[in-house]
Amino acid sequence: MSEPLLKVEGLKKYFPIQAGLITHTVGQVKAVDDVSFDVYEGETLGIVGESGCGKSTTGRMLMRLLEPTAGRITFSGREISELSNKELRAVRRDIQMVFQDPYASLNPRHTIGKILEEPLIVHGIGNAKERKARVLSLLNTVGLSDFHAKRYPHQFSGGQRQRVGIARALMTNPKLVIADEPVSALDVSVQAQVLNLMQDLQRDFKLTYIFIAHDLGVVRHISNRVGVMYLGHIVELAGSESLYEEPLHPYTQALLAAVPIPDPDFKREAELIKGDIPSPSNPPSGCTFHTRCPFKMDICTQQEPIFKEVKPGHSVACHLYNDAHHNDIKQSN
Amino acid sequence: MKKELLNVIELETTFFTDDGPVKAVDGVSFSLYEGEILGVVGESGCGKSVTSLSIMGLIPSPPGKITGGEIMYKEQDLTTFSQKAMRKIRGKDIAMIFQEPMTSLNPLFTIGNQLTEAISIHHKDWPKKQIRARAIEMMTLVGLPRAEELFKDYPHQLSGGMRQRVMIAMALVCDPNILIADEPTTALDVTIQAQILALMKDLNRRLNTAVMMITHDLGVVAETCERVVVMYGGKIVEEGLVDEIFKSPQHPYTQGLIQSIPDMRYKKQRLYAIPGNVPKPGSVVQGCRFAARCEFAFERCTIEEPELYVVSPQHKSRCFLSEEGMRNERAVIES
């Protein structure tokens with residue numbers, strides 16, 4: 001296999017919990033705790049998980065919008081976790097981000113034309129005329145018209161605003177686009193339009209996507225590979241067919257079983273998991289999922305499972321797949 | 001036939017804005033039957049929430065006002081009720097839960113305090129002990145652990161799922177006939193959503209409370225409801241049994257909506273996308289509300305407004321293609 005475009009190793013982000021009149025740190029929220037994965041050129045890596053699992057924090061650290069506590073991020077063979085701000089700017093030309101809320105991520109006082117031109121000015125690309133031309137060309141690419149450049153964000157619908165957000169991300173001709181919940185604020189009928197647009201753009205511009213979302217249906221639709229996060233860890237990572245057809249981690253199984261299926265004939269087989277997601281400021285010992293896991297064993301409360309490949313291209317962090325137990329689960333399935 | 005509990009007839013709710021009146025709900029009629037779960041599905045601005053707030057008498061006025069129609073409950077028209085009279089209905093006969101459980105609970109009062117308040121409003125003569133016992137009983141019923149301890153907790157000490165359970169307990173504490181649930185699981189994580197939906201189905205069976213489930217998620221409708229009403233642009237565009245609507249949707253909007261969901265069970269090559277955007281409330285005044293985005297639209301659709309045509313005894317569709325005599329033509333267009 002070729003070299004990955006992006007390589008993430010042992011990425012961590014701990015937020016301090018501060019208290020007291022003279023603030024001092026009383027604990028840590030382990031938002032992202034030792035996450036490693038590779039992203040290959042031209043693919044879409046989906047990252048799914050429930051609120052607080054660290055998926056957005058991970059996305060932000062890849063852009064260094066948040067400074068990692070530890071870990072290495074290598075992009076196109078260059079380590080970016082230790083670059084200076086100036087060096088980082090050059091790399092950010094190749095990594096762009098699309099945000100969830102198209103209402104909050106566009107400056108209401110700027111016209112769409114100005115919003116789109118800004119990344120070009122920041123990166124010193126082209127002269128005024130060339131920049132204008134690029135703005136209009138990208139507006140057309142995302143399905144908007146020339147006259148939209150003179151309008152303000154409030155004059156657009158949610159779906160159109162997200163098109164602007166996507167156009168802005170593509171202005172600098174990036175290699176990697178990190179999309180953090182890009183369609184979750186949109187209505188179902190408009191969501192489909194934006195997903196189709198993203199797929200078309202990927203094909204036309206040979207883009208690589210990291211697609212962060214909580215909607216499992218959307219993630220399956222758009223991703224080649226999917227990573228599932230729970231309380232700061234990636235618990236399972238596999239090709240999307242393999243993950244959805246044969247989920248290995250009990251959490252992935254529970255997550256998939258919980259999604260409402262738009263088919264009245266569908267009968268749910270798996271049991272729903274009980275309990276809530278524990279607080280990331282005080283995560284359970286051992287495997288963080290043991291408090292809700294139907295297959296909990298003694299080892300799970302004591303020892304953190306190692307994230308390892310158990311089938312080609314399918315990795316999981318679960319004690320059930322330690323060699324000794326491997327056969328048991330096969331039988332119980 | 002089940003007993004009809006609530007009958008909404010040609011309801012019309014208008015918001016008087018600076019830019020002129022906007023009809024958010026425009027001639028909506030439907031019935032809610034005893035013990036059923038009725039889904040009301042639609043995208044933002046379709047009028048589903050305004051319909052439910054109209055039933056509860058909670059339309060902020062000004063700028064909103066019910067400008068037409070009737071809401072019949074127990075042979076009385078709720079639209080004619082005073083605020084004081086509505087207060088007797090709310091909670092006791094018709095209760096409501098909202099999307100965001102954190103903002104619907106008062107952060108300054110304990111869970112127990114808020115639950116007992118809900119009871120004492122309608123049962124002024126009950127002794128304190130009985131009220132407390134009823135609150136604890138309800139908390140246990142909705143699956144809250146350690147009810148006695150939680151009674152003294154404040155909302156911020158609870159997780160999102162537990163807060164929504166508290167909201168459900170509070171809504172059901174006076175044994176209402178109707179529960180209106182407005183996007184009750186939208187703010188929750190998938191695993192918690194599944195728990196809350198299972199709980200609502202279970203309570204519906206055990207207490208025989210009729211539920212009006214307002215949602216944008218067709219998955220939620222398929223899982224919980226028996227009948228469904230599809231809304232678009234302030235009107236009902238299709239109505240029927242859930243099985244029938246999913247198997248043979250008649251209105252092009254319903255068809256498009258069903259096709260545009262990415263199904264988690266298999267991968268579609270490309271999603272069907274309804275072209276265009278969801279219209280702003282009140283922006284379409286002539287013809288069919290969906291005509292501008294409809295791939296089957298013909299001239300008549302932009303001039304005349306279709307009525308709700310009966311497709312089968314329990315199934316209606318607001319589309320000229322569902323009119324008697326048009327169905328053959330439809331088969332031609334579709335093929």
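Is helix α11 (residues 252-259) of chain B mostly covered or mostly uncovered? Select this helix: α11(B) is mostly covered, with seven of its eight residues buried. A residue is buried here if 20 or more other C-beta atoms, placed from the backbone, lie within 10 Å of its own.

The model is a predicted one, in which local features need pLDDT of at least 70 and side-chain atom pairs count only at pLDDT 80 or more, whereas totals for chains, interfaces and linings use all residues. Residues are numbered from 1 along each chain as its sequence is written, and chains are lettered from A and ligands numbered from 1 in the order in which they are written. Helices (H or I, at least four residues) and strands (E, at least two) are DSSP runs, numbered from the N terminus.

**Around α11(B)**

Display the side chains of P252(B), Y253(B), T254(B), Q255(B), G256(B), L257(B) and I258(B), the buried residues of the helix. Their cover includes α6 of chain A, as well as α9 (218-224), β9 (227-232), β10 (235-241) and α10 (242-247) of chain B.

Contact requires C-beta atoms, placed from the backbone, to lie within 7 Å.

**A helix pair in chain B**

Move to α7 (residues 160-172) and α8 (residues 190-207) of chain B, whose axes come within 10 Å and cross at roughly 20°. The axes are lines fitted to C-alpha atoms over the stretch in contact, with angles from 0 to 180 degrees between N-to-C directions. α7(B) is therefore roughly parallel to α8(B), a term for angles under 35 degrees. From α7(B), the contact includes G160(B), G161(B) and Q164(B); from α8(B), L199(B), L203(B) and L207(B) are among the residues involved.

**Strands of chain A**

Finally, select β12 (residues 314-317) of chain A, which pairs with β10 (residues 233-239) in the antiparallel sense over three bridges. Pairing requires at least two DSSP bridges between the strands. H314(A) of β12(A) is the bridge partner of A238(A), and K311(A) also stands opposite H314(A). β11 (residues 307-311) of chain A pairs with β12(A) in the antiparallel sense over four bridges. The two strands form a hairpin with two residues between them, and G313(A) in the turn has a positive phi of about 75°.

Terms used
A residue is buried if 20 or more other C-beta atoms lie within 10 Å of its own, exposed if 12 or fewer, and partly exposed in between; C-beta atoms are placed from the backbone. Two residues are in contact if their C-beta atoms, placed from the backbone, lie within 7 Å. Angles under 35 degrees count as roughly parallel, over 145 as roughly antiparallel, 65 to 115 as roughly perpendicular and the rest as oblique.
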